[in-house]
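User: Could you walk me through this fold with a few questions and answers? I have the sequence and the coordinates open.

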Amino acid sequence: MSLAYVLLGIISIKYATMSSGIAIAWLPNALLLSFFLIKDIKVWKYYIPFFIIAELVAGYSSFATIQSLQFAFINILETTFAAFFIKKFSGNYKTNFSSIRYVIVFFVIGIIIIPTFAGAFGALVYSTQIDFEAEFLELWRIWYFGDAVGILLITPFVIILRENYKSLKANIFNIEYLLIFILSIGLAIEIFSSTNLNLILPTTPLIFILILLWIVYKQGLLSGLILSLLISFISIYYTIQGLGPFPVFEDVETTIYLQEYIALFVIITIFFGTLLKEINNSKVELEDLNMTLEKKVEEKIKSLQEANEKLTLLASKDSLTNIYNRRSLDEFLLQETTKAKRYKNDLSLIILDIDHFKQTNDEFGHQVGDEVLIEMTKIISNNIRNSDVFGRWGGEEFLLLLPQTKKENGYDVAENIRKKIEYHKFKEVGKKTISLGVSTFNHKEDVFTFIKRADTAMYNAKKNGRNRVEF
């Protein structure tokens with residue numbers, strides 16, 4: 001880093017300074033500011049001595065040691081204060097140019113406020129200790145604009161390059177980008193090396209603003225900064241040689257026009273690139289938000305569907321035995337009788353009632369009675385088909401609908417259930433029996449007649465001694 005500081009100082013003196021001694025861009029301070037913005041504040045103190053040495057080396061041939069130390073003191077104070085306040089007021093200690101807020105803070109503090117004070121101190125050293133034929137305000141302007149332009153050119157480039165260097169790989173092999181890049185460099189050399197003032201005006205270089213905006217839009221801010229850096233160096237090099245559109249003025253005016261031009265298109269490039277990135281990030285966030293909202297909506301819909309299914313299930317099931325309730329049985333009866341009529345299918349119906357169930361409730365209590373109902377429900381459910389419809393008809397009465405079942409098969413099912421119940425020993429109450437009535441659907445009758453015949457058969461079973469099956 002110290003070596004780079006020295007090299008940038010040499011480059012600034014030899015290739016970025018007018019013959020009158022006015023620096024168009026002072027680059028070392030930009031490198032210092034980049035370093036302090038990238039590094040954590042806690043480690044700054046470990047590197048400052050190396051920068052002081054670098055300043056002494058860079059100014060060895062031009063300034064006395066005490067003067068170089070003063071310049072080092074000013075430069076380090078300028079860059080550390082700028083970096084500290086940029087970090088503080090940007091609201092984000094991560095160094096980046098991804099938000100307009102950061103860019104504005106960087107420009108106001110790093111380009112305007114801090115270099116203004118640094119320029120005053122630098123001008124004071126020049127005016128009191130160095131034989132330089134210039135007024136204090138001119139000395140201040142030289143220092144201030146040299147620092148500001150240098151920071152504009154180098155600091156954003158270094159920071160963004162550090163964080164986005166991987167994106168260069170895509171651009172290196174992008175033929176369209178390389179072609180525009182090469183043509184832009186060729187055009188810059190042509191414009192700034194021209195001596196034909198009839199064709200090239202001081203406003204002609206503004207064309208590069210459009211080119212830079214296009215590059216930033218297509219390839220990103222880093223690509224735009226690389227091109228702006230090269231164009232700036234080309235413009236500085238040829239302007240110092242007295243070529244191009246700016247040297248038509250005196251040295252001071254030429255320097256001012258060139259510095260304003262460089263500052264203008266670099267600032268526009270950074271603002272446009274950052275704004276574009278912010279918009280793209282907002283789009284990504286919006287897309288992510290939409291995806292999240294869609295996912296949440298889908299989850300809500302799914303939850304509602306599941307809740308509706310549960311509600312439907314609860315509405316269709318008996319709360320005690322968890323088999324179909326009377327309402328559901330009515331629907332199944334209507335559906336199955338309609339199908340039987342349409343397709344001429346067999347359909348049988350069993351209605352069963354627990355014998356002497358009131359006596360069980362009176363003797364053992366309703367809780368025991370409920371347990372008998374639940375246990376009996378399980379026995380019957382385990383001895384019927386999945387296609388059979390089993391439900392609680394009311395109280396201790398149950399209904400069993402048997403699709404595709406003839407009369408004799410319906411009887412066999414009923415008899416099998418009766419035996420299972422008869423031979424089962426219930427907790428608390430011991431043995432229990434049931435009476436069952438069976439009917440087979442007549443395609444000419446309605447559902448009510450169908451049910452009534454099964455119900456009548458069940459009551460006949462009770463009259464004829466209980467624990468039996470009747471048609």
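User: In which sense do strand 1 and strand 6 pair, and over how many bridges?
Analyst: Happy to start there, keeping in mind that this is a predicted model. Strand 6 covers residues 434–440, and its pairing with strand 1 is antiparallel, over seven bridges.

User: Is strand 1 largely enclosed or open, and how many of its residues are buried?
Analyst: Let's look at both faces. Leu-347, Leu-349, Ile-351 and Asp-353 point one way, Ser-348, Ile-350, Leu-352 and Ile-354 point the other way, and all are buried. Strand 1 is therefore largely enclosed by the rest of the structure, with the buried count at eight of eight.

User: How many residues of strand 3 are buried?
Analyst: On one face, Glu-397, Leu-399, Leu-401 and Pro-403 are buried, and on the other so are Phe-398, Leu-400 and Leu-402. Strand 3 is mostly covered, and the buried count is seven of its seven residues.

User: Which residue in the turn between strand 2 and strand 3 has a positive phi?
Analyst: Strand 2 (residues 389–394) pairs with strand 3 in the antiparallel sense over five bridges. One of the bridge pairs is Gly-394 with Glu-397. The two strands form a hairpin with two residues between them, and the turn residue with a phi of about 60° is Gly-395.

User: What span should helix 8 have, and how far apart are its end C-alpha atoms?
Analyst: Helix 8 runs over residues 175–192, which is 18 residues. At 1.5 Å a residue it should span 26 Å, and this agrees with the distance between its end C-alpha atoms, 26 Å.

User: What arc do the buried residues of helix 8 cover?
Analyst: An α-helix has 3.6 residues a turn, so residues three or four places apart point the same way. In helix 8 the buried residues are Tyr-177, Phe-181, Ser-184, Ile-185, Ala-188, Ile-191 and Phe-192. They lie on the same side of helix 8, because the arc they cover around the axis is only 135°.

User: And which residues are exposed on the other side of helix 8?
Analyst: Here the cut-off is over 50% relative accessible area. The exposed residues on that other side are Ile-175, Ile-182, Leu-183 and Glu-190.

User: Which helix supplies the largest share of the nonpolar patch on the surface?
Analyst: The patch is formed by Ile-104, Val-108, Ile-112, Ile-113, Phe-117, Phe-121, Leu-124, Phe-136 and Leu-137, with about 850 Å² of accessible area together. Helix 5 (100–129) and helix 6 (136–164) each supply at least two of its residues. The largest share is seven residues, and it comes from helix 5.

User: Is Ile-113 buried, partly exposed or exposed?
Analyst: Ile-113 is found in helix 5. Buried means under 20% relative accessible area and exposed means over 50%. At 37%, Ile-113 therefore counts as partly exposed.

User: How far apart in space are Phe-233 and Ile-262?
Analyst: Phe-233 is found in helix 10 (residues 221–240) and is partly exposed, at 34% relative accessibility. In sequence, Phe-233 and Ile-262 are 29 residues apart. In space, their C-alpha to C-alpha distance is 9.6 Å.

Key:
Residues numbered from 1 in each chain as written. Predicted model: local features only at pLDDT ≥ 70, side-chain atom pairs only at ≥ 80, totals over all residues. Heavy atoms only, no water. Patch = residues over 30% accessible without salt bridge, like charges linked within 9 Å, V, L, I, M, F, W, Y side chains within 5 Å. Areas by Shrake-Rupley, 256 points an atom, 1.4 Å probe, with all protein chains shown as cover. Salt bridge = Lys/Arg side-chain N within 4 Å of Asp/Glu carboxyl O. Helix = DSSP H or I, 4+ residues; strand = E, 2+ residues; numbered from the N terminus. Buried < 20%, exposed > 50% of the residue type's maximum accessible area, 1.4 Å probe, protein only. Pairing = 2+ DSSP bridges. Expected span 1.5 Å × (residues − 1). Arc of directions from axis to C-beta.
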